[in-house]
Amino acid sequence: MAWLNAVPDEEGGKNKLSRREEFEKNKLDVEMPECDAQYVINHLFDIGITLGDQATTHGEIDSYQRNTGIELNTWEILTIKRLSETYLSESYKAREPNAATPWIEAPYYMTGAYRNAMRSKASIRKLAEI
């Protein structure tokens, strides 16, 4: 998720779209690897993937449990904490224009050259509409 949601640092700061937004703009499918514990990811989203530049804390997870009446087991709590930390770390790495997807056999990979080509293509299409 962090790789898809990252806005790659381009020379001159021209890029303002995340990889996900670029895929959607260019009508490309956005796919994620399968997850056998999707319910844990759903709890992470409900709690908050990160707290800005900080990973989700045990305090936030505890508050979530008290406020919702949901009791997470130790494995789920530690997994949510680890996923938040990993998301934050990957979000920084993913800012590199040629950052590889963090999962094996990702269905797509966009290099900086590919993103530039897609932007040029979109510009030409806009000009054709004029």
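The secondary structure of this protein, seen here in a predicted model, consists of 6 helices and 0 strands. Read from the N terminus, the order of elements is therefore simply α-α-α-α-α-α. The chain has 130 residues, and 35% of them count as buried. Contacts can also be sorted by how far apart the partners are in the sequence. Among contacts between residues at least 6 apart in sequence, 59% join residues that are at least 24 apart.

For H3 and H5 the angle is about 65°, and the axes lie 10 Å apart. The crossing of H3 past H5 is right-handed. On the H3 side, the contact is made by Tyr39, Val40, Ile41, His43, Leu44 and Ile47. On the H5 side, the residues are Trp75, Glu76, Thr79, Ile80, Leu83 and Ser84. Sorted by class, the residues of this contact comprise 8 nonpolar, 3 polar and 1 charged.

Ser84 sits in helix H5. Is Ser84 buried or exposed? Ser84 counts as buried because its relative accessibility is 0%, and buried means under 20%. Leaving out residues up to four places away in sequence, Ser84 touches Leu44, Ile49, Thr50, Ala55 and Thr56.

Ala55, one of the residues touched by Ser84, is found in the loop between H3 and helix H4, which covers residues 58–68. With a relative accessibility of 11%, Ala55 is under the 20% limit and so counts as buried. Which residues does Ala55 touch, not counting those up to four places away in sequence? They are Lys81, Ser84, Glu85 and Leu88. For Leu88, the separation from Ala55 is 33 residues along the sequence and 6.5 Å in space, taken from C-alpha to C-alpha.

The next stop is the loop between H1 and helix H2, where H2 spans residues 19–25. Two residues of this loop are Ser18 and Lys16. Ser18 has a relative accessible area of 6%, which is under 20%, so Ser18 is buried. Lys16 has a relative accessibility of 64%, which is over 50%, so Lys16 counts as exposed. When neighbours within four places in sequence are set aside, Ser18 is in contact with Leu4, Asn5, Ala6 and Val7. With residues up to four places away left out, Lys16 touches Val7 and Glu21. Lys16 and Ala6 are 10 residues apart along the chain, and their C-alpha atoms are separated by 10.0 Å.

The last topic is empty space. Rolling a probe the size of a water molecule over the atoms shows where such space is left. In this model the largest pocket holds about 490 Å³. How many residues line the largest pocket, and which are closest to its centre? There are 18 lining residues, and the closest to the centre are Met1, Met32, Pro33, Ile41 and Leu83. The elements that give two or more residues to the lining are helix H1 (2–5), helix H3 (38–47) and helix H5 (74–93). The largest share comes from H5, with 5 residues. By class, the lining of the largest pocket is made of 13 nonpolar, 2 polar and 3 charged residues. Two of the names can be traced back to the helix pair: Ile41 and Leu83 are among the residues closest to the centre of the pocket, and Ile41 of H3 and Leu83 of H5 also take part in the contact between these helices.

How values were computed
Residues numbered from 1 in each chain as written. Predicted model: local features only at pLDDT ≥ 70, side-chain atom pairs only at ≥ 80, totals over all residues. Heavy atoms only, no water. 1 Å grid on protein atoms, 1.4 Å probe; cavity = no way out; pocket = protein on both sides within 12 Å on 5 of 7 lines; lining within 4 Å. Points joined across faces, edges and corners; volume = space filled by probe spheres on them. Helix = DSSP H or I, 4+ residues; strand = E, 2+ residues; numbered from the N terminus. Nonpolar A, V, L, I, M, F, W, Y, C, P; charged D, E, K, R; others polar. Axes fitted to C-alpha atoms, helices over the stretch in contact; angles between N-to-C directions. Left-handed = near helix turned anticlockwise from the far one by under 90°. Contact = heavy atoms within 4.5 Å. Buried < 20%, exposed > 50% of the residue type's maximum accessible area, 1.4 Å probe, protein only.
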